[in-house]
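This report describes selected local features of one protein model.

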Amino acid sequence: VRKSAEPMQGLVGWWSFDEPAGSEVALDVAGNGLGAEVRDARRAPGIDGRALVCDGGCAVVPSNPRLSVRDGLTIECWVRTDTAGQDNRWLVNRVLSGGVNTGYRLGLLGGKPCFEVPLTDWSHHLTAEEPLPLGRWVHLAGTFDGRTMRLYVDGEERAAMERPGPAAANDFHLVLGSYEVKHRSHFVGLLDEVRIWNRALSPAEVRATFERLSSRAR
């Protein structure tokens, strides 16, 4: 089920969290069969429909080869929090123990948005210079084209880093709202409209995805 008329080329998965408040699943509205199991988390009004309330719970997408993107990647989501200074807290994670030089993730380090596509163990954390804005909805996106990582906040590029070669594949599950199930490195706030692509969205495309809902970001 597509929620808009946006181009969907390369869309791997889309989790909108718009199911009924007590639902224990989060459907993949991209239609690729990558539904998530909601673990110890509830829903609240989001920027579009409902959002996942992140306070220790999360949503888990089972391992699937589709999740191991290699030559191109975009992670994007909308977040809202009133909690400043969140450090080592993860929104979208596929970098787990036993494969910390593989996968990708998007979250917060020192209260600032951070995007990682590791090349060696725990390497290539691309972090914005400014903290995540508080008290309103914020659009975050990380893109990787096989050469360069870019981090966007509200449709504007905030950081870039060279990172040569493909993202390393793994067979881990994907965690939304935390580093891992029942882990202390969980985000505190609301998470909505998570999307993963197997290509790097262009700056114009990132801007367009932000602008689609930006009038609601209050």
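## Largest pocket

The lining of the largest pocket consists of Pro113, Ala128, Glu129, Glu130, Pro131, Leu132, Pro133, Arg136, Val153, Asp154 and Arg158. A pocket is an open set of points on a 1 Å grid over the protein atoms alone, where a 1.4 Å probe fits, with protein on both sides within 12 Å along at least five of seven lines; lining residues have an atom within 4 Å of a point. The model is predicted: local features need pLDDT of at least 70 and side-chain atom pairs pLDDT 80 or more, whereas totals for chains, interfaces and linings use all residues. Residues are numbered from 1 along each chain as its sequence is written, and side-chain values use heavy atoms, with hydrogens and water left out.

The volume of the largest pocket is about 150 Å³, taken as the space filled by probe spheres set on the points, which are joined across faces, edges and corners. Its lining comprises 6 nonpolar, no polar and 5 charged residues; Ala, Val, Leu, Ile, Met, Phe, Trp, Tyr, Cys and Pro count as nonpolar, Asp, Glu, Lys and Arg as charged, and the others, Gly among them, as polar.

## Strands

Strands are DSSP runs (E, at least two residues), numbered from the N terminus. Two of them pair if DSSP finds at least two bridges between them.

Strand β10 (residues 112-116) is largely enclosed by the rest of the structure, because 4 of its 5 residues are buried (under 20% relative accessible area with a 1.4 Å probe, protein chains only). The pairings of β10 are listed below.

| Pair | Sense | Bridges | Example of bridge partners |
|---|---|---|---|
| β9 (residues 105-109) and β10 | antiparallel | 5 | Gly107 and Cys114 |
| β10 and β11 (residues 125-127) | antiparallel | 3 | Glu116 and His125 |

β9 and β10 form a hairpin with 2 residues between them, and Gly110 in the turn has a positive phi of about 55°.

Gly142 belongs to strand β12 (residues 138-144) and is buried at 0% relative accessibility. Beyond four places in sequence, Gly142 is in contact (heavy atoms within 4.5 Å) with Leu73, Thr74, Ile75, Phe115 and Arg150.

## Cysteines

A disulfide requires a pair of cysteine sulfur atoms within 2.5 Å, and the count is 0 disulfides. The sulfur of Cys58 lies 8.5 Å from its closest cysteine sulfur, in Cys54, and is therefore too far for a bond. For Cys77 the closest cysteine sulfur is also in Cys54, at 9.4 Å, again too far for a bond. Cys58 is buried, with a relative accessible area of 1%, and Cys77 is buried at 0%.

Conventions: Buried means under 20% relative accessible area, exposed over 50%, partly exposed in between (1.4 Å probe, protein chains only).
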